[in-house]
Amino acid sequence: MSAEATNPATPGPAVPAVARRKARPRIDLRRLGRAALLGPAARDRLPAAIGHVVDAHRAHHPDADLEPLRRAYVLAESSHRGQLRKSGEPYITHPLAVTLILAELGAETTTLTASLLHDTVEDTEVTLDQVREQFGEEVRYLVDGVTKLEKVGYGAAAEPETFRKMLVATGNDVRVMSIKLADRLHNMRTLGVMRPEKQARIAKVTRDVLIPLAERLGVQALKTELEDLVFAILHPEEYARTRQLIADNAARPEDPLAVIADETRMVLRDAGIQAEVLIRPRHFVSVHRVSRKRGRLRGADFGRLLVLVSEDADCYGVLGELHTCMTPVVSEFKDFIAVPKFNLYQSLHTAVARADGQVAEVLIRTHQMHRVAEAGVVALGNPYAPPADEHTSAADGERADPTRPGWLSRLLEWQRGAPDPDTFWSTLREDLAQDREITVFRPDGGTLGLPEGATCVDAAYAQYGEDAHACIGARVNGRLATLSTVLRDGDSVQLLMGQDPASEPSRDWLEHAHTPAARIAIQRWLAAHPEAPAQDPAGEPVRLGQRRADTARTPGGAAGPRSGTAAADPAAPAAEDALRRPAAGAGREGVDAPVGGAPGARPADDGVRADHGRRSKGHGTRAEKGGSRLGGADLVVDRPGAVVRLAGCCTPVPPDEITGFCVRGGVVTVHRVHCAAVTSMKSGGRAEIGVRWGDSAACRVTLVAESFGRPHLLADLTEAMALEGAEIVSATVEPPSQQRVRHTYTLQLPDATRLPALMRAMRNVPGVYDVGRAHHQDPHA
């Protein structure tokens, strides 16, 4: 852009543009326009200079109104008159070349109009207000979006702040970035006149920022050429070797790809499928990558076959014929039609092998898919125009802009929090380097788009912004997961949020944050709170992310203050106080206290922790006359007189289907038939003993509840259990871990059919997020 413009009529140091514009009077654009028309040409005649642009434009838009293009060229030519590029060419050749690139990609008239004018506000006396008067608000917005910020006001921050401004403008209209990409491509084509160090600097910015943006916008035609131009500047030796490889392959008398293309045409003709089969040579960077991956290249490695059809269904028809008549390389198959890439790309990828070992990659797509694959968002046309038919309209009535809801939305979010241009610039490069995306699902049916490798920390900040400081856990695919869990495409993620507005993120989260939004939010909080972590009453440091007096909530649940420790709450009922108080001789930090029975009473052992934190042994019930009563449930055992225990690994209750095994000491343990221990004992040759439930419906069961710690939680839980008619035989409350508390309860139920209702009632207690049957290793089995 302006870096390549010089004005030989203005010797000496340049006057700052801002001051110059304030001092100069308003220019009469009509007078300039008339002066730019050479000769007595009629007003409706198009200048010959834009003839090639018009031809390319009409090929895509035969009914386009060309009058805006004529007026835009007249203004651009008269405004840039006298300016030269570094190469010595008139400066108008640059906007013409940029506009031709976009016209060949199929850009609509408004984009081409703005492209012709894209340097006028930056390099001439034309103002944005004048552009609006002559061409409308859309053209003004596009021109403003690609106009650089001046170094006079921004200094070294001019470049990153210009990109920030451009990206924000792209968030409202992707055509801004289309013009910028075409502008950079033409500048890269003519970069040879620059000093080598400047060439390298521009090439690195192109590699780190513009090429990833071209990839994300799906403009492959621009991306591939930019890659080759950058490759030539930054890696001249590798570029020269690759160029020689391509030249040597082109000199070979026979092209294996041409042979496979002929075979493909014959197969499809015999199948009655109308298709166009083309050979697409690989560009330089692609050949270089393949050579590094495969070593010595063969003829078919220098290109790919492209099969173009009319309908989506024909794509799969072509695939079926190729896989039937040729040898497919199954590992190379990818279906980007059923699952398009996030940059709009759709195609079927496969590969077929010849008898001589040559493998040809094949791309199968419709003509429309091919247009989008080459031009990306440029092929969308005007995002504000009404859809051509009902099939292209967005479901919610808004414009169908597939880039806005995904990566671009995330970029626009985190850039607001970037504290300075250097942080923005470095973070932008890191963000754009993450070129693969995954989709995870929220419980409400919504989705989150995240870069590959993202964790639950990233999901939290993507969904809640800085409110994610209060995140204290997650469930992935229904299972409790740590915040460091790496998410995969298609995962279901439920984020568990604390309710205290002063919640603090953990410093450890930075190790697990991969998205800029998460890292910047955490770093901003840490920079604002440099003080050391607080101390709890016992003198232990409180870890960031864990607070002693905050509150917790789960979706759909009420909230209350939560406690980070098991210390007694003076306002809690006596039952809760007893559960918090460690039993004498417990020898552990948790609480294992008998509840609901006589002091010191030992319940029959069913494989769960009893009082004093020890597992009772041998406290089963002896079966007499083939029957026994264990934990309130009647059992009929095929071994009279045997001591019977309910296995703790699966905690069977009526009406579970059960079986028994004789273990050490002649004890018969009763398991659910689908218990993993049953499979193990059967494989070990241990004989089964027949057991079945008696007439009584009473049962004893062990349940495990997972919750956030808060005062009165145990009182609320015990009340919920009592209302369902459950008697608490014993209970264990483990010390809190990362603000989560694990409770284990052994309960006596008068009727086993009430167990589902009991578990639902416990889950409905605020702060409880999971209740399940106990599953732990049975030492007797």
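## A buried arginine and its partner

Arg-175 is buried, its relative accessible area being 3%, where buried means under 20% relative accessible area, exposed over 50% and partly exposed in between, with a 1.4 Å probe and protein chains only. This is a predicted model, in which local features need pLDDT of at least 70 and side-chain atom pairs count only at pLDDT 80 or more, while totals for chains, interfaces and linings use all residues. Residues are numbered from 1 along each chain as its sequence is written, and side-chain values use heavy atoms, with hydrogens and water left out.

Arg-175 forms a salt bridge with Glu-138, with 2.8 Å between the closest N and O atoms; a salt bridge here is a side-chain nitrogen of Lys or Arg within 4 Å of a carboxyl oxygen of Asp or Glu. The pair links distant parts of the chain, since Glu-138 lies in helix H9 (residues 137-146) and Arg-175 in helix H12 (residues 175-189), 37 residues apart. Glu-138 is partly exposed, at 32% relative accessible area.

## Other salt bridges

A network of salt bridges that share partners joins Asp-129, Arg-132, Glu-137, Arg-140, Asp-144 and Lys-165. Within it, the side chains of Arg-132 and Glu-137 meet at 2.9 Å, N to O; Arg-132 is partly exposed at 34% relative accessibility, and Glu-137 is partly exposed at 39%.

Glu-77 and Arg-81 also meet in a salt bridge, at 2.6 Å from N to O. Glu-77 is buried at 16% relative accessible area, whereas Arg-81 is partly exposed at 42%.

## The whole protein

The structure holds 34 salt bridges, and of the 781 residues of the protein, 50% count as buried.

Definitions and conventions. Helix = DSSP H or I, 4+ residues; strand = E, 2+ residues; numbered from the N terminus.
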